[in-house]
Amino acid sequence: PKTVRYLEALRKGAARGYVKPKVEAEDLAFLQYTGGTTGLPKGAMLTHRNIISNVLQSVAWARPALDEGGERAATPLPLYHIFSLMANLFCFLELGGIILLITNPRDIKSLIKELSRAPVNYLTGVNTLFNVLLESPELHRIDFSQLKVTMGGGAAVQRSVAEAWQRATGRPIVQGYGLTETSPIVSANPLVSERFNDSVGVPLPSTQISIRDEKGTPLGSNEVGEICIRGPQVMKGYWNNPEATAEVMLDGWLKSGDIGRIDEAGFVYIEDRKKDMILVSGFNVYPSELENVASMHPGVLESAAIGVPDPDSGEAIRMFVVRKDPSLSEQELLAYLREQLTGYKIPRDIVFREELPKTNVGKVLRRALR
């Protein structure tokens, strides 16, 4: 193919006339890739209706706590993560607010420096971020006097972190819940809450949540089952993947793959994950991807990855490996994985074993490893 220089491409583009496209509500706005509920990458087809609906739902939820125009939102989560994309960028465009982008939240000194430049009214984050901030001796430099809302998402917020955050800032952490397939926000606690609770709140306007058993039958209050969702923010389906779409759609309801319950007051609680997904600092990590990459190393015979509790990231990855080459070291395998995988998918440690526990048909029992 012919190579065109960047400036030349801009000149050619400027010389062409602009034809405004006709955009309908059901046209695709995003192919937002996710592992879904199975771990294999799939493009969630989010329409303009999906996105606009979730903006309006979220802003309606936010208005009791946040004013129109001028509110400052700190955005330490990357905008390619759909939680930040919606809860910060799109919602604050609708509210007419100011968005403070944090380029590297892992650099805590720089993060605190940015947050201390001027008071913020709204902060989103994951449990790890709140915990690291609380552990920093420089936290006192941040003026929290105008903080109205701290929104936690992406991963469960630990109660100890939430309580320490409220002591330090005077404001609670408010949890919400969502999926890439739901554009993403499904439920949230009232933003004017005075105390943290362990729930992920109640459904947003025009959103229904139903707890279903394995047969798809609705369950009652406090009965545990799969969380199913219906509303205008639910995706059109998976791009070019009708089989995967059919697996998660049930008569107009999206099967989330998450296990939870709804209490008598209507608050939703996440109990567990249906699959073996590992949640590292709010990002989904799927064991099969790690195992497939590890299996490409000539020194690896078999491997299995599980999540283990970690005080910093919520969960960390532990990989169990049966070696083909007895001389294969942990350092060598980790270096190989770093070449192939994104940073948050790298195992914290590797345990070498003579064999892995399996079912009678040869499937590795990750449950037994846990």
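Guide: Let us begin with pairing: two strands pair if DSSP finds at least two bridges between them, and the elements themselves are DSSP runs numbered from the N terminus, helices being H or I with at least four residues and strands E with at least two. Here strand β2 (residues 42–47) is joined to β12 by two bridges, the strands running antiparallel, and A44 has Y238 in β12 as its bridge partner. Please keep in mind that this is a predicted model, in which local features need pLDDT of at least 70 and side-chain atom pairs count only at pLDDT 80 or more, whereas totals for chains, interfaces and linings use all residues. Residues are numbered from 1 along each chain as its sequence is written, and side-chain values use heavy atoms, with hydrogens and water left out.

Visitor: In what order do the strands of the open sheet of three strands lie, and which are its edge strands?

Guide: In general, the strands of a sheet pair through backbone hydrogen bonds, in either the parallel or the antiparallel sense. In this sheet the order is β1-β2-β12, with antiparallel pairing, and β1 and β12 (237–238) are the edge strands, each pairing on one side only. Helix α2 (residues 48–62) packs on the sheet and touches β1 and β2, where contact means heavy atoms within 4.5 Å. The direction of α2 makes about 70° with that of β2; axes are lines fitted to C-alpha atoms, for helices over the stretch in contact, and angles run from 0 to 180 degrees between N-to-C directions.

Visitor: Where is L31 placed, and which residues does L31 touch?

Guide: L31 lies in strand β1 (residues 28–34) and, not counting residues up to four places away in sequence, touches G43, A44, M45 and W239. Buried means under 20% relative accessible area and exposed over 50%, with partly exposed in between (1.4 Å probe, protein chains only); L31 is partly exposed because its relative accessible area is 35%.

Visitor: What is the order of the open sheet of seven strands, and which strands stand at the edges?

Guide: The order is β4-β3-β5-β6-β7-β8-β9, with mixed pairing. Because β4 (98–101) and β9 (202–203) each have a single partner strand, they stand at the edges, and one side of each is left without a neighbour in the sheet. Strands β6 (residues 149–152) and β7 (residues 173–178) pair in the parallel sense over three bridges, and M151 has V174 in β7 as its bridge partner.
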